[in-house]
Amino acid sequence: MNSATSTVLQLEQVWKDYQQALKTFLHSKVSNSADVDDLLQEILIKTYQSLNTVQDADSVKAWLFQLANRTIIDFYRKRSRHQRDNELDASDLWFTNADHDSSFEQDLSKCIEPFIQALPEQNASLLFAIDIKGQSQKELAKQQGISYSTVKSRVQKSRGELKRLFEECCHLSLDSHGNIIDCDTKPGNDCNKC
């Protein structure tokens with residue numbers, strides 16, 4: 001029996017012994033089932049590529065779970081990097097929800113511009129450029145000659161201030177993801193922003 005056949009048979013046995021435990025471990029760290037399946041496949045490939053480096057048969061389980069843990073860390077790093085490098089989609093904003101009633105969204109969207117205009121000038125112009133006109137944060141940073149991370153930080157701070165203005169005027173009901181699912185004017189409040 002050649003070494004390639006031996007490695008495949010060894011891999012099959014290891015995978016038979018530990019696949020379910022690995023999947024359970026992945027589910028405890030990653031909520032999306034499709035991501036878990038992708039990670040499990042990635043671990044299988046890495047196991048095939050490196051199983052022959054494990055010296056002691058008793059350390060296979062520990063080695064596999066270290067491999068799984070590193071794979072999870074890499075997964076979250078890639079996701080974080082992707083979110084950092086790509087612009088925030090309008091559907092990710094706290095004041096939108098693609099699954100929500102479109103008439104509610106239309107009513108709420110009428111209020112966004114007046115609330116943005118109620119912010120301090122620098123914050124208002126920043127949010128107007130990015131969230132209303134759709135200019136990219138990277139492009140704005142380049143135009144203003146400041147770092148991208150500074151623009152991101154200012155946008156986040158400005159969005160927080162915008163949310164506070166909404167909350168001063170209205171009761172916001174949020175879902176578990178922070179999306180507005182309902183909005184009612186607070187009784188006796190005469191904010192007149194929209």
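By salt bridge I mean a side-chain nitrogen of Lys or Arg within 4 Å of a carboxyl oxygen of Asp or Glu. The idea behind it is simple: side chains of opposite charge can pair when their charged atoms come close.

Quick note before I go on: this is a predicted model, where local features need pLDDT of at least 70, side-chain atom pairs count only at pLDDT 80 or more, and totals for chains, interfaces and linings use all residues. Residues are numbered from 1 along each chain as its sequence is written, and side-chain values use heavy atoms, with hydrogens and water left out.

Back to our pair. Asp 74 and Arg 77 both sit in helix 3, residues 60-85, three residues apart, which is about one turn of the helix. Helices here are DSSP runs (H or I, at least four residues), numbered from the N terminus. Asp 74 is partly exposed, at 30% relative accessibility. That label covers what lies between buried, under 20% relative accessible area, and exposed, over 50%, using a 1.4 Å probe and protein chains only.

Asp 37 and Lys 23 form a salt bridge, 3.6 Å from N to O. Asp 37 is in helix 2 (residues 33-50) and Lys 23 in helix 1 (residues 3-29), so this pair ties together parts that are 14 residues apart in sequence. Asp 37 comes out partly exposed at 39%, and Lys 23 partly exposed at 26%.

Last stop: helices 5 and 7. Which way do they cross? The axes of helix 5 (residues 121-132) and helix 7 (residues 148-169) come within 9 Å and cross at roughly 105 degrees. That makes helix 5 roughly perpendicular to helix 7, a label for angles of 65 to 115 degrees. The axes are lines fitted to C-alpha atoms over the stretch in contact, with angles running from 0 to 180 degrees between N-to-C directions.

Contact means heavy atoms within 4.5 Å. Among the residues that meet are Leu 126 and Ile 130 in helix 5, and Val 155 and Leu 162 in helix 7.

Notes:
Helices (H or I, at least four residues) and strands (E, at least two) are DSSP runs, numbered from the N terminus. Angles under 35 degrees count as roughly parallel, over 145 as roughly antiparallel, 65 to 115 as roughly perpendicular and the rest as oblique.
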